[in-house]
2 protein chains.
Amino acid sequence: MGRTSDARERILSAARSLIETHGYSALGVAEICRTAGVPKGSFYYFFDSKESLALAVIDEHWTGQKRTWTAALSGDAQPLLRLRRLFEETAAGLHAAQQSCGTVSGCLFGNLTLELCNQTEAIRTRLQEIFDAQVEMVDSVINEARERQEVEVAETREAARAVVAQLEGQVLFAKLYNSTDRLGPLWQNCLALLGARAPREAVAGA
Amino acid sequence: MGRTSDARERILSAARSLIETHGYSALGVAEICRTAGVPKGSFYYFFDSKESLALAVIDEHWTGQKRTWTAALSGDAQPLLRLRRLFEETAAGLHAAQQSCGTVSGCLFGNLTLELCNQTEAIRTRLQEIFDAQVEMVDSVINEARERQEVEVAETREAARAVVAQLEGQVLFAKLYNSTDRLGPLWQNCLALLGARAPREAVAGA
């Protein structure tokens with residue numbers, strides 16, 4: 001098999017799936033290579049260490065998630081409805097993964113934050129950058145909503161942090177109770193945090 | 001040293017501290033015994049497995065935390081001020097631990113939920129019971145506040161879940177950014193989630 005062109009992708013995919021089921025600490029290079037179907041030499045050809053692999057898994061996951069977040073949060077819909085779309089997409093993604101692997105895997109970034117950030121500064125820094133970027137994206141939508149006088153918040157950045165914290169907390173519960181139903185109240189909770197009423201389109205079910 | 005009467009306590013304390021710094025998966029029986037200063041035989045005298053040790057660590061931590069929560073949430077103060085006291089005590093506890101070990105360790109239950117609940121059903125069930133109990137305690141205070149017409153919530157249980165989710169989410173950020181300042185907005189966010197205004201005593205700084 002050797003250093004085939006897709007070996008790196010297969011290692012990343014195996015590592016991501018093993019991290020989702022057993023966490024990072026339980027991960028061994030031999031198991032990753034067995035799951036990926038590549039010889040051990042391939043691993044060290046692509047990655048210096050388990051840490052550099054974890055950083056690559058994080059980056060790859062964020063590339064995909066950023067695309068989802070950007071699509072959900074942009075466009076012509078009212079700002080608050082775009083936030084609702086973000087929650088719906090998050091729930092749909094977790095639900096689809098649950099259907100295929102049997103359990104709600106939660107948020108990879110939240111999982112790794114709680115497992116790892118006090119062990120490696122490189123991973124802590126990368127995860128901080130990602131959550132900063134998420135807060136920035138939500139902040140920008142809240143700002144638009146504030147300009148339209150649809151929310152009542154003293155400080156949009158703090159409000160965006162509260163929304164992302166609420167998302168992380170409810171995703172934690174979705175994982176704990178193995179049920180994406182836990183994500184149902186996210187939209188109402190977000191409106192409450194923003195001192196907002198549901199836009200008319202949302203009330204009408206649009 | 002042998003099976004001294006405090007060996008079980010020392011194993012629990014070592015395990016708790018090792019779990020807080022490196023997580024559960026990275027934990028080895030030999031390391032626990034070395035840290036606790038007890039022979040390996042002692043471990044298996046008290047615990048069948050790493051899982052039964054983790055359950056004992058969880059139970060012991062919950063015994064202490066339930067005491068703190070009960071003290072904060074009961075008494076004659078207005079219900080909303082008792083919720084504020086819970087957030088203040090949580091921040092103070094995390095801050096004190098940060099002073100002694102250098103990092104914000106986060107919430108042991110949240111950490112173990114994200115690391116472990118998809119690996120062992122016994123731990124998942126125990127953590128569900130603990131979060132159910134936390135939600136129940138907060139629900140009871142929100143009910144009191146609703147009777148006093150101090151909050152506007154459709155469903156107190158769902159509101160209590162939102163408050164505990166907000167707490168877990170912000171504690172995650174406190175750990176990620178290694179700063180208990182992240183817990184500062186909890187009180188205002190809780191008031192927003194409950195459709196409440198700060199009680200007069202709180203505004204006056206009492």
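## Helix H5 of chain A

Helices here are DSSP runs of H or I with at least four residues, strands are runs of E with at least two, and both are numbered from the N terminus.

This is a predicted model, in which local features need pLDDT of at least 70 and side-chain atom pairs count only at pLDDT 80 or more, while totals for chains, interfaces and linings use all residues. Residues are numbered from 1 along each chain as its sequence is written, chains are lettered from A and ligands numbered from 1 in the order in which they are written, and side-chain values use heavy atoms, without hydrogens and water.

Several residues of H5(A) are buried, among them Pro79(A), Leu83(A), Phe87(A), Leu94(A) and Gln98(A). Buried means under 20% relative accessible area, exposed means over 50%, and partly exposed is in between (1.4 Å probe, protein chains only). After H5(A) comes Gly102(A), with a positive phi near 95 degrees.

## Chain A as a whole

Chain A has 10 helices and zero strands. Its C-alpha atoms fill a box of roughly 60 × 35 × 30 Å along the principal axes. Of its 206 residues, 54% count as buried.

The accessible surface of chain A is about 9000 Å², and carbon and sulfur atoms account for 47% of that; such areas come from the Shrake-Rupley method with a 1.4 Å probe, and for residues only the protein chains shown count as cover. On the charge side, chain A carries 22 positive and 26 negative side chains, with the centres of the two sets 4 Å apart. Lys and Arg count as positive and Asp and Glu as negative, leaving out His and the chain ends; each charge is placed at NZ of Lys, CZ of Arg, CG of Asp or CD of Glu.

## Two copies

Chain B is superposed on chain A by a rotation of 180 degrees with 0.0 Å of shift along its axis (RMSD 0.0 Å). The two copies are therefore related as by a two-fold rotation axis. They also use the same surface, as 100% of the contact residues of chain B recur in chain A. Contact means heavy atoms within 4.5 Å, and the superposition is by least squares on the C-alpha atoms of residues with pLDDT of at least 70 in both copies.

## Places to look in chain B

Gln170(B) lies in helix H8 (residues 156-176) of chain B and is buried at 1% relative accessibility. Leaving aside neighbours within four places in sequence, Gln170(B) has contacts in both chains, including Arg161(A), Ala162(A) and Ala165(A) as well as Arg182(B) and Leu186(B).

His61(B) belongs to helix H4 (residues 50-73) of chain B. With a relative accessible area of 17%, His61(B) is buried. Beyond neighbours within four places in sequence, His61(B) is in contact with Arg16(B), Leu108(B) and Phe109(B).

## Asn178 in chain A

Asn178(A) sits in the loop between helix H8 (156-176) and helix H9 (186-193) of chain A. Its phi is near 50 degrees, a positive value in a residue other than glycine. Asn178(A) is partly exposed, at 24% relative accessibility.
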